[in-house]
Amino acid sequence: MNPMNIKEVQLLLKQLKIQPRKFFGQNFLTDSNIVKKIISISELSKTDTILEIGPGLGAITVELVEIAKKIYAIEIDRRLCSYLEDKFSIYDNIEILHGDILKIQIPDHNKVVSNIPYKVTGPILDRIFFRINSPIGILIIEKSISDRIFISGDYKNFSRISINVNTFMEPTSQTNISRKSFYPVPKIALSLIKLIPKDQINSFFSERRALEFFLSFITGIMPYKNKNIVNAINLFLKTQKDIQYTKEEVNSILHMNNYDNKKVFDFEIHEYIEICKLFYS
Ligand code: SAH
């Protein structure tokens with residue numbers, strides 16, 4: 001049976017002698033309606049190969065194994081891995097992999113369906129989605145991060161994650177999820193989101209080094225999002241050993257390419273890519 005309310009989850013954890021670990025960001029789903037919602041927006045089919053990050057007690061996994069072709073469930077907590085191995089021993093379409101999602105070699109997949117460990121949301125997005133041929137993502141993440149992904153002209157929420165996600169992905173759905181749907185109850189507000197890879201990704205990114213330069217360019221300028229772009233780029237370039245432009249040169253490169261010296265947050269997503277290209281060699 002799948003534990004699907006707080007009492008059942010608590011009881012199962014007790015039987016397994018598992019105390020949820022803060023360090024591992026363990027907040028187990030206890031609400032079957034949320035699982036249904038996740039599965040519904042995942043639009044699973046028999047051809048899907050799914051990556052599940054942090055399957056925990058398998059609340060989502062139980063549904064995935066019934067529909068998808070293959071599931072790779074990567075779990076850092078060895079105690080949960082043994083439980084899951086046992087629980088899914090009769091299925092031949094799932095592999096439980098013990099390891100850290102940020103370090104392990106990740107098998108090929110076309111969808112990620114996960115209630116992830118919230119503390120490592122940024123690094124997970126970095127590793128899985130900021131590239132060409134990224135998978136579709138259906139994720140429960142911190143609402144504050146979700147608000148940066150679904151940008152609505154509100155520059156306060158506009159950040160590095162806003163640009164990076166919207167460069168590679170189309171965010172298509174955002175639903176607030178009650179904190180009471182988890183045990184232990186997390187301290188932060190949460191959202192269920194769906195990200196679909198963009199049809200057209202700038203060919204600039206087909207080169208690995210260019211992609212890495214773009215990510216460090218955005219990381220470099222966004223701390224100065226309230227400054228003018230020339231200042232921000234100048235400060236970023238100071239950290240780059242192999243690019244030497246004076247501030248005047250940065251200014252004239254932008255000017256020649258018809259970019260005004262506006263505030264960093266005040267550009268369109270595609271403009272960050274074009275501007276980044278001007279400084280890539
Ligand atoms: N998906 C489950 C559990 C969510 S809690 C559910 O919804 O009920 C987050 C899960 O991620 C925990 O099982 C935790 O052990 C696991 N986890 C935490 N850090 C991880 C990492 N770096 N790599 C893989 N799994 C991780």
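Contact is taken to mean heavy atoms within 4.5 Å, and helices (H or I, at least four residues) and strands (E, at least two) are DSSP runs numbered from the N terminus. The structure is a predicted model, in which local features need pLDDT of at least 70 and side-chain atom pairs count only at pLDDT 80 or more, while totals for chains, interfaces and linings use all residues. Residues are numbered from 1 along each chain as its sequence is written, and side-chain values use heavy atoms, with hydrogens and water left out.

Helix 7 (residues 160-168) takes part in several packing arrangements. Its axis and that of helix 11 (residues 269-278) are 9 Å apart, at an angle of about 95 degrees; axes are lines fitted to C-alpha atoms, for helices over the stretch in contact, and angles run from 0 to 180 degrees between N-to-C directions. Helix 7 is therefore roughly perpendicular to helix 11, given that angles under 35 degrees count as roughly parallel, over 145 as roughly antiparallel, 65 to 115 as roughly perpendicular and the rest as oblique. On the side of helix 7, Ser 162, Ile 163, Asn 166 and Thr 167 meet Ile 269, Tyr 272 and Ile 273 of helix 11. This contact comprises four nonpolar, three polar and no charged residues, where Ala, Val, Leu, Ile, Met, Phe, Trp, Tyr, Cys and Pro count as nonpolar, Asp, Glu, Lys and Arg as charged, and the others, Gly among them, as polar.

Helix 7 also packs with helix 8 (residues 208-221), at an angle of about 150 degrees and with the axes 9 Å apart. The angle makes helix 7 roughly antiparallel to helix 8. In helix 7, Arg 160, Ile 163, Asn 164, Thr 167 and Phe 168 meet Leu 211, Phe 214, Leu 215, Ile 218 and Thr 219 in helix 8. Six nonpolar, three polar and one charged residues make up the contact of helix 7 with helix 8.

Strand 3 (residues 70-75) pairs with strand 4 in the parallel sense over five bridges, and Glu 75 stands opposite His 98 in strand 4.

The structure contains 18 aromatic pairs, rings of Phe, Tyr and Trp (its six-membered ring) being paired if their centres lie within 6.5 Å, with planes under 30 degrees apart counted as stacked, over 60 as edge-to-face and the rest as tilted. One of these pairs, Phe 130 with Phe 168, is stacked, at 6.2 Å centre to centre and 20 degrees between the planes. Phe 130 lies in the loop between helix 5 (121-129) and strand 6 (136-142) and Phe 168 in helix 7, so the pair ties together parts that are 38 residues apart in sequence.

Two backbone features were identified in loops. Asn 133, in the loop between helix 5 and strand 6, has a positive phi near 60 degrees although the residue is other than glycine. Tyr 183 and Pro 184 are joined by a cis peptide bond with omega of about -15 degrees, and Pro 184 is placed in the loop between strand 8 (182-183) and strand 9.

Note on methods. Pairing = 2+ DSSP bridges.
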